Structure formats: C-alpha cells, structure tokens
Amino acid sequence: MNTIVVQHIAEQIARAEHILLLTDERIDGDTLGSTMGLFHTLTNLGKRVDVFSPKPLPKTFSYLPMIDVIHRDHDVLAQSSIDLAIVCDCSDGAYLPPILAKMARKVPLISFDHHLTNPNYGTTNVIEPTAASTADVVWRFVQHVQYPITPNAAQCFLTGIITDTQVFFSANTTNAAIAAAAELVKHGAKLQDIIRANYVNKSTNFLRIWGIALERLFIDESFGGIATVVTRKDITDLGATPEEIESIAGVVSEFLNAVLNESHDVIVVYRETEDGAVKGSARARTKNVAAIAERLYGGGGHKFAAGFKVPNAKMEKLPNNRWVVRSL
Ligand SMILES: [Mn+2]
C-alpha cells in the first residue's frame with residue numbers, strides 16, 4: 001500500500017466533518033462489508049457518516065451490524081455539510097456521475113477497490129488488483145493508519161473477505177486475505193455467523209434449482225468449458241426468492257469451478273432473467289474468462305471470475321443437451 005496515498009487519505013478523513021459512503025450498484029458481501037466496516041470505523045472515530053446504496057439490500061445481509069443505517073433516498077446526498085465521499089468495491093464508477101451530481105457541492109472522492117479494470121475515476125484511488133476483496137484492502141488501510149477496530153467493523157470486513165473468496169475456496173484467495181481474516185476474528189468478528197448467513201441458509205427450492213443446473217451440464221464450445229442453464233421456467237416452477245435467483249449463477253459457478261476435475265478449466269452458468277435477458281457467470285482456474293466474456297458478449301470482471309448480460313435473449317436447447325444464447 002502506497003504510504004503517501006495512505007497518509008493523504010488519513011489527512012482527508014481527519015479534516016472531514018461529514019463523510020458520505022457509497023456502495024457499488026452490484027450489491028454483494030464485499031461492497032457492503034467494506035462500506036459498513038468503514039462506517040463503524042469512522043463513526044467510532046467520532047465522524048458524522050451517512051451511507052447511501054443505489055440498490056435494495058438482499059435480506060442475506062441483515063446480520064451485518066447496523067445495516068439499517070443505509071439510505072436509499074437521494075435526499076441524503078444533497079446535505080451541504082458533506083465534505084468527503086468514499087466508494088468501495090465499485091469497479092467502473094459508471095453509476096456515480098448522476099449520483100454525485102445530486103450532491104450540494106463537489107467533494108473529493110476516495111475509491112477503494114480490487115478490480116483490475118478500475119479506471120481510477122476517484123480523486124484518490126487505492127486499487128489493489130491482486131487483493132482477494134475490497135474489504136481486505138480497506139482493512140489494511142485501517143491498520144496502516146492505526147484506527148481502532150470495533151467488533152462490528154471486524155464483522156463487516158470479514159464478511160467482504162469470506163464472500164469474495166467463497167470461504168477461501170476460490171482462486172483469488174491470498175495469504176493476505178487469510179491473515180486479515182485471522183486478525184479480524186481476534187477483533188471480534190464471528191466467522192460462523194457469516195458462513196451460516198451466506199452459505200448454509202438455502203431453501204429447498206433453491207437446492208432444487210441447483211439440482212436442475214447440475215443435471216444440465218454440457219460442453220460449451222463458445223467458452224471452451226463446461227456450462228449449464230437456469231431458465232425462467234425453472235425459476236417460476238420452483239419459486240425461489242429474488243435474492244436466491246440473483247445469487248444462483250454466481251453460487252453454482254463457484255461450486256462447479258471448485259469441484260469439477262482438472263479436465264475443464266472454464267465454467268459458465270447461463271440464467272434467463274425476468275427482464276428478458278440472459279445473464280452469464282463465468283469462472284476459471286487458469287484461463288482469462290474476463291477476456292472471453294468481453295469478446296463474446298461485451299462482459300467483464302476479474303481474470304478468473306467474470307460476468308455478462310445479453311439483452312433481449314433466451315436460452316435455446318439444441319440436440320444432445322447442449323444450449324446456446326439466442327437473440328429475440
Ligand atoms: Mn469485491
């Protein structure tokens with residue numbers, strides 16, 4: 001971590017009287033964990049802090065301490081006392097310009113992230129593409145500047161690490177993430193609560209969809225790997241919750257990437273969405289799936305974990321249990 005940048009941010013925080021924290025619009029455990037970890041750390045320093053999220057929060061994360069402080073209302077942005085903004089785990093910043101335009105005045109924007117593709121849109125940027133999660137980047141910053149760490153902050157930071165590494169299962173897991181997790185447990189984070197909330201609490205309907213996905217595995221020549229499909233019909237027939245549906249492609253692709261044998265490097269889970277699109281979630285052990293997803297469908301993400309969305313499309317079944325994306 002660049003010491004000059006860290007000192008600069010510490011000075012900006014020291015001067016700030018009212019800080020606005022922003023999550024990404026793709027709500028996951030890392031954007032919420034890193035943002036709420038900062039919320040607890042900064043309020044503990046005596047700072048006035050507001051948190052804004054552009055999207056509704058899945059119930060999965062209701063265990064995060066004080067998650068209810070997060071505002072969805074744009075009024076929170078217009079407060080003239082806000083003098084610093086910080087965004088966590090937001091890879092491209094595309095949603096930010098209209099949000100920042102609602103603020104009473106232009107303030108410095110600090111961006112903490114770990115996406116390789118981050119274009120450094122912040123006034124100050126701490127981007128560590130080798131980090132397992134934004135939460136462990138923010139945690140290293142907090143340690144570096146020696147802010148006291150509360151059990152609530154530790155619980156939030158550990159949530160980011162655990163969810164972005166699938167409990168240290170996925171290829172992005174680093175020694176630094178494991179070391180950070182051990183430190184956070186010492187500071188009062190409850191690892192078992194995080195695992196239970198994120199990975200154990202699945203409904204029978206969710207597991208039935210998982211069963212369908214396993215049964216449909218096929219060799220997908222477009223990605224050069226193994227793929228499967230979840231259709232709108234599966235979802236309506238089985239009635240999983242919106243959050244379960246939103247998470248299914250990521251969860252199933254992580255699982256398959258972890259358990260399938262070495263003969264298959266790439267995993268893709270295709271899912272038909274309610275708005276008539278096909279979303280894909282791709283994982284790999286060695287190949288650059290972000291590059292393949294970008295070439296085929298204009299998607300992106302990390303080298304070993306990428307996604308894409310094809311609007312106005314559906315999945316079409318071909319002979320021999322193969323499937324393709326078809327434009328409508
Ligand atoms: Mn992340």
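The structure is a predicted model, in which local features need pLDDT of at least 70 and side-chain atom pairs count only at pLDDT 80 or more, while totals for chains, interfaces and linings use all residues. Residues are numbered from 1 along each chain as its sequence is written.

**Domains**
- The chain is assigned domain 1 (3-200) and domain 2 (204-327); such bounds come from an automatic or database domain assignment.
- The centres of domain 1 and domain 2, taken over C-alpha atoms, are 28 Å apart.
- Domain 1 contributes 11 residues to the contact and domain 2 contributes 10 residues (contact: C-beta atoms, placed from the backbone, within 7 Å).

**Parallel sheet**
- An open sheet of 6 strands has the order β3-β2-β1-β4-β5-β6, with parallel pairing (strands are DSSP runs of E, at least two residues, and helices of H or I, at least four, numbered from the N terminus; strands pair if DSSP finds at least two bridges between them).
- β3 (70-71) and β6 (124-127) are at the edges, each with a single partner strand, so one side of each lacks a neighbour in the sheet.
- Strands β4 (residues 84-88) and β5 (residues 109-113) run parallel and are joined by 4 bridges.
- Val87 has Ser111 in β5 as its bridge partner.

**Mixed sheet**
- Another open sheet, with mixed pairing, has 6 strands in the order β7-β8-β9-β10-β12-β11.
- Strands β9 (residues 266-272) and β10 (residues 278-284) pair in the antiparallel sense over 7 bridges.
- Arg271 stands opposite Lys279 in β10.

Terms used: Two residues are in contact if their C-beta atoms, placed from the backbone, lie within 7 Å.
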